[in-house]
Amino acid sequence: MKKISLIFSFGAMVLLYLIGYITNIDFLIFKISPTQTEIAFLPIVVGCIIAIICDIAIKNVKTR
């Protein structure tokens, strides 16, 4: 069941990075240039929160 939360987590991260790339929102973009790399941490934080919520929901469903 950990796979489900991992899939939702990475899916949310990819979706937020994709939205940032398409709409050019600075705090949702992952930029790589020859001199530097910029990583937005908001999608990573949101992905982790979604994984935690998913784990809690799965545990609650199993105990019922």
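**Exercise 1. Determine how the span of helix H1 compares with the expected value.**

Solution. Helix H1 covers residues 2–23, a run of 22 residues. From its first C-alpha to its last, H1 reaches 32 Å, close to the 32 Å expected at 1.5 Å a residue; the expected span is 1.5 Å times one less than the number of residues. Helices here are DSSP runs (H or I, at least four residues) and strands likewise (E, at least two), numbered from the N terminus.

This is a predicted model, in which local features need pLDDT of at least 70, side-chain atom pairs count only at pLDDT 80 or more, and totals for chains, interfaces and linings use all residues. Residues are numbered from 1 along each chain as its sequence is written, and side-chain values use heavy atoms, with hydrogens and water left out.

**Exercise 2. Identify which residues of H1 are buried and what covers them.**

Solution. Buried means under 20% relative accessible area and exposed over 50%, with partly exposed in between (1.4 Å probe, protein chains only). In H1 the buried residues are Ser5, Ser9, Ala12, Met13, Leu16, Tyr17 and Gly20. Because they cover an arc of only 120° around the axis, they lie on the same side of H1; the arc is that of the directions from the helix axis to the C-beta atoms. Their cover includes strand S1 (30–32), strand S2 (37–39) and helix H2 (42–63), where contact means heavy atoms within 4.5 Å. The face turned away from the buried side carries exposed Lys3, Ile7, Val14, Leu15, Tyr21 and Ile22.

**Exercise 3. State the order of the elements in the chain.**

Solution. From the N terminus on, the order is α-β-β-α.
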